[in-house]
Amino acid sequence: MDLFDKLKQLREQGLDEIKKASNEKKLNDVRVELIGRKGELTKILHSMKEVAPEDRREVGQKVNELRDLFNQRLGEAKDELVKALIQKRLEDEKIDVTLPGRTSALGSKHPLYLILDDLESYFIGMGYKVVQGPEIETDHYCFEMMNLPKDHPARDMQATFYIDSEDLLRTQTSGDQARVLEKHDFSQGPLKMVGPGKVYRRDDDDATHSHQFMQMEGLVVDKNITMSDLKGTLDMIAKHVFGQDRETRLRPSYFPFTEPSVEMDVSCFNCDGKGCPVCKYTGWIEVLGAGMVHPNVLENAGIDSTVYGGFAFGLGLDRFAILKYGIDDIRDFYTNDVRFLKQFRKEEN
Amino acid sequence: MLVSFNWLKDFLNLDEQDPKALGEKITRTGVEIASVTRPADGLKKLVVGHVVDCEGVEGTHLHLTHVDVGEDEPLQIVCGAPNVAAGEDVIVALHGARIAGNEKIKKGKIRGMESYGMICGLQEIGFSDSVVPKKYADGIFVFPKDADVKPGQDVYDALGMNDYILDFDITPNRADTLSMEGSAYEVGAIIDQKPKIEPVVLKEDGPDWTDSFDVKVDEKLAPKFYLRKLTGVKVDESPLWMQTRLWNAGIRPINNVVDVTNYIMLLTGQPMHAYDARAFESGKFEVRTAKDGEKLTLLNEKEVDLDPHDIVITDGEKPVMMAGVMGGLNSEVTDDTTDVILESAIFDPTMVRRAAFRHANRTEASSRYEKGVNWDATEKSINAAALLIRNEAGATVDEGIIKATDAKRGPVVVKTTVSYINKVLGTKISADEMLHIFDRLNFDAKVNGDELVVNVPNRRWDIAIPADLVEEVGRLYGYDNLKSTQPLLPETHGGYSEFETQMRRFKRIAEGQGMLEAVSYSLTSPEKAVSFTKKAKALVQVQMPLNSSRSTMRQNLMTGLVDAASYNFARKQMDLRLYEQGRVYDHEGGTFNEHEHLAALYAGQTFAENWQHENQKIDFYFVKGQLTNMFTALGINENDVIYKADEAIPGMHPTRTADIYIKDQYVGMIGMLAHSLALADKNLRGHEVYGYELDLDVIIPMLTHGMTAKPAPKFPAISRDLSILVKKEYTNQEIENVIKANAGKYLRDLKVIDVYSGAHIEPDKKSLAYNLTFLNEKDTLTDEVVTKAMDQVTAALKEDIEAKIR
């Protein structure tokens with residue numbers, strides 16, 4: 001057999017072996033056998049001296065061609081093998097993407113604080129300071145400074161938890177008004193504050209009463225504050241919380257610390273004013289109390305009520321939350337049932 | 001006050017007014033009208049019947065009657081009421097009638113006897129038990145003789161049910177509307193009409209009696225005290241027109257004397273009292289405070305021990321009435337009363353209020369006295385009452401009023417300006433418009449330039465200062481007519497205090513860690529108030545708690561979260577992550593102190609239950625890890641935080657609880673709930689509950705704002721492991737202290753990577769492994785430096801805590 005036949009045979013045999021190699025190791029063995037330093041092609045090159053000189057050039061050419069071919073096929077075969085390997089691995093790694101994920105706990109604000117934080121940032125945006133006062137309050141600040149002297153019949157409206165004859169759990173956040181009024185320096189600018197916090201009343205707990213709840217007090221005092229300003233401010237709050245399409249109205253009311261005193265109603269967002277159980281078929285829902293600061297409250301704090309005046313308002317955060325989230329039992333806020341609380345994880349804030 | 005629309009028509013022309021719309025108008029302008037109801041609503045086919053004959057049915061309590069209902073033949077009706085009798089005019093529900101509760105009446109058979117309707121009691125047609133005259137409480141209603149009723153006519157007009165009742169839900173300042181005349185003034189102002197208020201013309205036909213009584217009244221207790229005497233009174237049922245007005249106002253008719261006093265109170269707002277003159281045979285009448293030990297049985301048959309602060313009326317010796325609250329049984333007007341003393345007085349409002357409160361006996365009278373009454377109505381009321389008793393009970397009115405005290409109160413004059421009122425309201429109401437508003441109120445007002453002078457009559461005692469006039473103008477001008485404006489003010493800088501801002505960081509981090517925010521009650525039991533608390537302080541307790549479990553202000557937040565855990569476990573909610581931020585309260589050092597705290601409670605698994613069973617029970621170290629993260633997020637240097645085991649915190653597990661110190665200050669605790677506590681509360685049994693509580697008042701002042709960033713390290717770190725064997729009693733903290741003190745300045749991080757005690761080592765020993773990371777930020781660290789540091793560490797561990805290096 002001459003070299004040409006040998007090359008021809010090697011070509012067929014080599015291509016066949018490349019094709020048969022089933023893994024990278026075997027393929028490598030084939031590569032060594034065919035084109036390695038001691039491989040078949042090298043052997044042929046070493047046997048060139050036996051070739052007639054006129055044929056040497058052609059044999060050399062054929063050998064190079066065959067090496068190139070083997071290299072190319074070996075490369076292709078290797079790519080195939082890797083591809084198959086990856087394919088297999090991917091098959092093995094396949095998961096059911098529809099199985100549920102592992103969830104860890106997701107936190108949330110309490111609904112009362114959702115309402116409070118929202119209102120606070122709204123007021124902060126309008127230039128109000130957020131002020132905190134003591135919950136254990138004196139009769140002096142909670143009542144007397146607020147124009148509610150002892151034996152004032154309006155004290156009947158508030159069942160108070162007294163600790164001793166002078167100290168009590170505040171029934172309203174209004175005491176914060178008195179404290180701030182006493183301290184405020186009007187030469188530094190007008191007074192604009194909100195005072196949120198817990199308050200307490202001697203009421204038995206039921207679906208609509210709670211011995212503890214949360215209020216927010218607002219107070220604006222300067223030289224030229226009008227009741228129209230109060231109306232405009234309350235209107236903005238009500239629309240912010242209950243929707244821009246709500247209508248509002250003021251009704252006369254009575255609070256010892258304001259004169260005139262009003263209550264604000266918002267058109268019922270459940271029935272849009274047509275009448276339903278939520279608004280007790282009146283079309284209106286009472287949301288807060290307000291008024292022009294009573295001159296006695298200003299004078300009690302050492303402020304000249306002939307020069308300064310302003311408005312104050314007080315709103316119940318529990319009531320706001322009840323109305324906004326459609327809650328029908330105030331006790332839900334204080335039992336901390338996680339099934340109740342978890343609902344508020346999706347509330348934007 | 002329940003105000004009858006029909007009665008209001010005595011004073012105002014209401015032909016153009018729809019009662020419901022009027023109610024709404026009053027709500028918007030004056031006093032909240034809680035409801036407008038028509039008593040006849042929902043009723044049908046109720047007519048007057050005349051009982052023609054009535055026979056008892058043997059062996060039963062029933063009567064077989066024939067009742068003329070204005071048809072050709074009388075109806076046969078079987079009636080079970082004990083007081084049915086021939087000759088009576090009664091209420092008949094015909095076949096097809098609707099009575100109270102939307103109940104339908106049909107003809108039928110009772111014990112085999114045909115019955116073509118039902119004879120009704122007042123309750124059956126919707127009257128409240130509290131207004132039905134005692135006589136008819138257990139039977140049918142019988143029209144009084146004077147009632148102008150004919151068989152077959154509807155009963156509604158005769159019984160006052162064809163009326164609208166406006167429920168004036170007054171605020172305490174508007175007690176002036178607790179009378180028909182007061183309501184008429186208010187409604188008149190709203191609809192711009194002058195009410196017709198009639199004067200009283202009384203004929204006195206008896207002798208002058210004013211010298212026949214010795215009356216002593218302390219003016220401080222009763223600044224006005226008027227008496228009249230009537231003789232020859234025939235006590236009987238009141239005429240139906242008066243009864244209907246009383247029951248429509250929610251008052252039970254009693255007899256023609258007592259009813260008149262109530263009627264006049266409704267008319268003028270002045271509480272009245274009628275005594276049987278026999279109670280004053282002594283010829284003496286005294287108003288004084290009660291003496292210790294005195295007792296009085298009131299008209300409601302309640303015997304009260306009088307308090308020295310109660311005002312009483314006496315016969316010179318013993319009390320016969322608790323002034324302003326309720327009469328005594330010993331001076332009651334009864335059927336055999338012939339001579340009556342009428343009282344119209346003003347008592348000290350505070351003393352009346354306290355007496356009514358003290359004896360839990362608030363009445364129509366006391367609630368009016370405590371809110372104030374019209375000082376101009378005393379005489380008119382006593383005369384009007386005398387006139388009515390004269391007319392309705394055939395009495396003779398003795399000449400003269402005894403005015404034992406007669407303090408005067410003139411109209412209040414309030415001076416202000418038109419511009420002040422406009423300035424407060426933000427309006428431009430003209431002086432003429434304002435004068436018109438005061439005219440609607442029947443106030444005498446004058447304008448002189450800008451100056452406004454208003455004479456406020458005594459019937460509006462709520463008005464005393466210019467701000468009160470602002471309200472009157474504002475509400476009648478109409479709050480709807482006010483503009484909606486924003487205060488025009490120099491810019492103010494809003495925001496939270498520094499403390500509040502920091503507090504919000506804690507809350508945000510807790511929520512980011514997957515905690516649900518809880519809000520608990522501040523009031524708890526005295527025991528719970530100081531559990532979970534390292535050092536109990538003086539308690540804050542309320543005087544009249546609603547119950548013992550809500551009597552004491554909490555000194556820790558954990559107790560509320562544990563209550564929440566119990567509540568949730570009982571509802572099969574086992575995975576809990578709750579936090580609360582709120583205050584704790586104490587009375588340490590004689591002052592009331594409030595501190596802001598934050599507490600967290602964990603129970604259950606780290607992940608929600610999953611099909612891979614990849615989970616871990618929440619344990620001490622999980623919770624401590626969460627707290628560590630919180631401290632990191634707050635910028636607290638971990639080296640400043642020290643945990644020290646504490647066996648003595650009540651309610652906490654003695655060997656799984658630690659005090660937390662930051663920069664050597666106690667800031668709170670972390671640990672597991674004690675088994676004993678868990679065992680006491682059935683719901684908590686079998687659960688491992690962990691938590692921590694922090695005192696924010698201590699931590700927040702340590703926090704700072706802002707930070708300076710460093711670039712990521714440019715040189716590689718070198719890390720070495722170290723495994724040691726030490727006696728069990730050494731804590732990780734102690735070992736770490738030794739390592740940190742000796743590892744040199746390049747130690748960046750120290751981690752515990754293994755803890756072991758058990759079969760393979762001596763029983764009193766434990767093995768710990770640490771990973772130490774060294775880094776020089778300015779240069780490449782060499783092995784020699786690290787090896788030297790490790791040598792120093794191992795030497796110190798051997799020396800200081802007898803550690804064996806493994």
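## A buried aspartate

B:D468 counts as buried, because 21 C-beta neighbours lie inside 10 Å. The cut-off for buried is 20 or more. This is a predicted model. B:D468 sits in helix α11 of chain B, which covers residues 466-477.

Its contacts reach into both chains. Leaving aside residues up to four places away in sequence, B:D468 touches A:E259, B:D462 and B:I463.

UniProt marks both positions. An unreviewed entry there places the feature "binding site" at B:D462, B:D468, B:E471 and B:E472.

## Where the chains meet

The contact between the chains draws on 81 residues from chain B and 74 residues from chain A. On the chain B side, α11(B) gives the largest share, with six residues.

What classes of residue make up the side of chain B that touches chain A? There are 33 nonpolar, 26 polar and 22 charged residues.

## A three-stranded sheet in chain B

Chain B has an open sheet of three strands. The order is β1-β11-β2, and the pairing is antiparallel. Strands β1 (2-4) and β2 (32-37) of chain B form the edges, each pairing on one side only. On average, neighbouring strands of this sheet are turned by 25° against each other, direction ignored.

How many bridges join β2(B) to β11 of chain B? There are four, and the two strands run antiparallel. Strand β11 spans residues 165-169. B:T37 stands opposite B:I165 in β11(B).

## A helix on the sheet

Helix α2 of chain B, residues 19-29, packs on the sheet. Helix α2 touches β2 and β11 of chain B. The direction of the helix makes about 170° with that of β2(B).

Conventions: Residues are numbered from 1 along each chain as its sequence is written. Chains are lettered from A and ligands numbered from 1 in the order in which they are written. This is a predicted model: local features need pLDDT of at least 70, side-chain atom pairs count only at pLDDT 80 or more; totals for chains, interfaces and linings use all residues. UniProt positions are given in the numbering used here, feature names are shortened, and annotations may be inferred rather than shown by experiment. A residue is buried if 20 or more other C-beta atoms lie within 10 Å of its own, exposed if 12 or fewer, and partly exposed in between; C-beta atoms are placed from the backbone. Two residues are in contact if their C-beta atoms, placed from the backbone, lie within 7 Å. Two strands pair if DSSP finds at least two bridges between them. Axes are lines fitted to C-alpha atoms, for helices over the stretch in contact, and angles run from 0 to 180 degrees between N-to-C directions. Ala, Val, Leu, Ile, Met, Phe, Trp, Tyr, Cys and Pro count as nonpolar, Asp, Glu, Lys and Arg as charged, and the others, Gly among them, as polar.
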